[in-house]
Amino acid sequence: MHPISTNARNRSNGGIHSIYTDAIVTCETSKITANAQQALGGRVKIQAQAIFGTEFAPQLTPESDITASSEVGAEFSEIV
């Protein structure tokens, strides 16, 4: 799986992902991210019957993860 990302720099918000599928299967270090540096993190909405190999994380990790965070603090993170 290639990364799905809308990572924003400066004062832009992290973006929005809406994924509707039967299943998501990830391997190695797959990422679904909507992160921001100096603004609100984005939103990631997934509607699936099954998700394998990844899970929500409050911030980026070396593993496969799903994030919508902001570098300015957890209070600026958004919704997964």
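His17 sits in strand S2, which covers residues 16–20; strands here are DSSP runs of E with at least two residues, helices are runs of H or I with at least four residues, and both are numbered from the N terminus. The model is predicted, so local features need pLDDT of at least 70 and side-chain atom pairs count only at pLDDT 80 or more, while totals for chains, interfaces and linings use all residues. Residues are numbered from 1 along each chain as its sequence is written, and side-chain values use heavy atoms, with hydrogens and water left out.

With a relative accessibility of 9%, His17 counts as buried. The cut-offs behind this word are simple: buried means under 20% relative accessible area, exposed means over 50%, and partly exposed lies in between, with a 1.4 Å probe and protein chains only. Beyond its neighbours within four places in sequence, His17 is in contact with Ile4, Ser5, Thr6, Ile32, Thr33, Ala34, Arg43, Val44 and Lys45, where contact means heavy atoms within 4.5 Å.

One of these partners, Arg43, belongs to strand S5, residues 43–47. Arg43 is partly exposed, at a relative accessible area of 41%. Residues up to four places away in sequence aside, Arg43 touches Gly15, Ile16, His17, Ala34, Ala68, Glu78 and Ile79. Asn13 is 30 residues from Arg43 along the chain, and the C-alpha atoms of the two are separated by 9.6 Å.

The loops can be followed in the same way. Asn10 lies in the loop between S1 and S2 and is exposed, with a relative accessible area of 53%. From Asn10 to Pro62, the separation is 52 residues in sequence and 23 Å in space, C-alpha to C-alpha.

Another loop, between strand S3 (23–25) and strand S4 (31–33), holds Cys27. Cys27 counts as partly exposed, at 46% relative accessibility. Thr54 is 27 residues from Cys27 in sequence and 8.1 Å away in space, C-alpha to C-alpha. Thr29 is also found in the loop between S3 and S4. With neighbours within four places in sequence left aside, the contacts of Thr29 are Pro62, Glu63 and Ser64. Thr29 and Arg11 are 18 residues apart along the chain, and their C-alpha atoms are separated by 27 Å.

Stepping back to the whole protein chain, there are seven strands and zero helices, in the order β-β-β-β-β-β-β from the N terminus on. The radius of gyration, taken over C-alpha atoms, is 12 Å, which agrees with the value near 12 Å that a compact globule of 80 residues would have; the globule rule is 2.2 Å times the number of residues to the power 0.38. Along the principal axes, the C-alpha atoms fill a box of roughly 35 × 25 × 20 Å.

Of the 80 residues, 34% are buried. Among contacts with a separation of 6 or more, 68% join residues 24 or more positions apart. The accessible surface comes to about 5,200 Å², and 50% of this surface belongs to carbon and sulfur atoms; the areas come from the Shrake-Rupley method with a 1.4 Å probe, and for residues only the protein chains shown count as cover.

The protein chain carries 5 positive and 8 negative side chains, and the centres of the two sets lie 11 Å apart. Lys and Arg count as positive and Asp and Glu as negative, while His and the chain ends are not counted; each charge is placed at NZ of Lys, CZ of Arg, CG of Asp or CD of Glu.

How far can the model be trusted? The mean pLDDT, the predictor's confidence in each residue from 0 to 100, is 83, and 98% of the residues reach 70 or more. Confidence is lowest in strand S1 (residues 4–5), at a mean of 81, and highest in strand S6 (residues 50–52), at 91. Where pLDDT is low, predicted coordinates should not be read in detail.
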